[in-house]
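Please examine the sequence and the model before reading each solution.

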Amino acid sequence: MGTKRIHTDPKMKLHLITDGKKSIAELVRVITNVHTAADAIHIREKKKTAGELVVLIEELHQNGVPKSKLIINDRIDAAIMTGVNQVQLPVHSFDVKLVKQHFPELEVGCSIHSAAEAVICEENGADRLLYGHVFQTSSKPGLKARGVQEAWEIAGSVRIPVFVIGGIVPSSISEIRHLKIDGVAVMSYVFSADDPLQAVLELTKQLKGCKL
């Protein structure tokens, strides 16, 4: 613990994560509308085939969404096929060291649930970490929120970027202002919203004031 972290951006970044409930057409419509107001979009579509993910990514690109802004959850094959160079590995996925050995050009994020996992992932070559869930969320019904204390500990134990996820809404951002983290990841608040763009703008308004 206590490793000094370096931050060059005065505000927290905003990553959006798809909820796996929408069609390709719906995802293209929403993401095309909101991507300029977010820092990255995670394509987390567990029920879609690799072929469907390729179609989605190419349609997003054709509609003006830069591939550099996309992060593919778990499906390394879809990322390689479409030229997307960022992936996010769930806890149950490939070992980050193995991915880095085979695909050194990929930027690899790891989803974690503890400080111990954070240290191991960094040692094995992870480029960023996603920790959660920090607040109660409808995406994890019945599971107790982990809170912000361990997020604080994780941020102090690694040098790579740390993002938090889980129940993030504009009003909860004030509770994480003190954390030495690099940003937040949001799913339900945006992708379940009647007006996703307005939801993103509400989040970014709060994040702009988060001095690290």
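**Exercise 1.** Determine whether C110 counts as buried or exposed, and find how many disulfides the whole structure holds.

*Solution.* C110 has 4% relative accessibility and therefore counts as buried; buried means under 20% relative accessible area, exposed over 50%, and partly exposed in between, with a 1.4 Å probe and protein chains only. C121, at 14% relative accessibility, is also classed as buried. The closest cysteine sulfur to that of C110 belongs to C121 and lies 3.9 Å away, too far for a bond, since a disulfide is a pair of cysteine sulfur atoms within 2.5 Å. The search of the whole structure accordingly gives zero disulfides.

The model is predicted: local features need pLDDT of at least 70 and side-chain atom pairs pLDDT 80 or more, whereas totals for chains, interfaces and linings use all residues. Residues are numbered from 1 along each chain as its sequence is written, and side-chain values use heavy atoms, leaving out hydrogens and water.

**Exercise 2.** Describe how helix α5 and helix α6 are arranged.

*Solution.* Helices are DSSP runs (H or I, at least four residues), numbered from the N terminus. The axes, lines fitted to C-alpha atoms over the stretch in contact, form angles from 0 to 180 degrees between N-to-C directions. Those of α5 (residues 115–123) and α6 (residues 149–157) come within 9 Å and cross at roughly 25°. The two helices are therefore roughly parallel to each other, a term for angles under 35 degrees. In the contact (heavy atoms within 4.5 Å), A115, A118, V119 and E122 of α5 meet E150, I154 and S157 of α6.

Definitions and conventions:
Angles under 35 degrees count as roughly parallel, over 145 as roughly antiparallel, 65 to 115 as roughly perpendicular and the rest as oblique.
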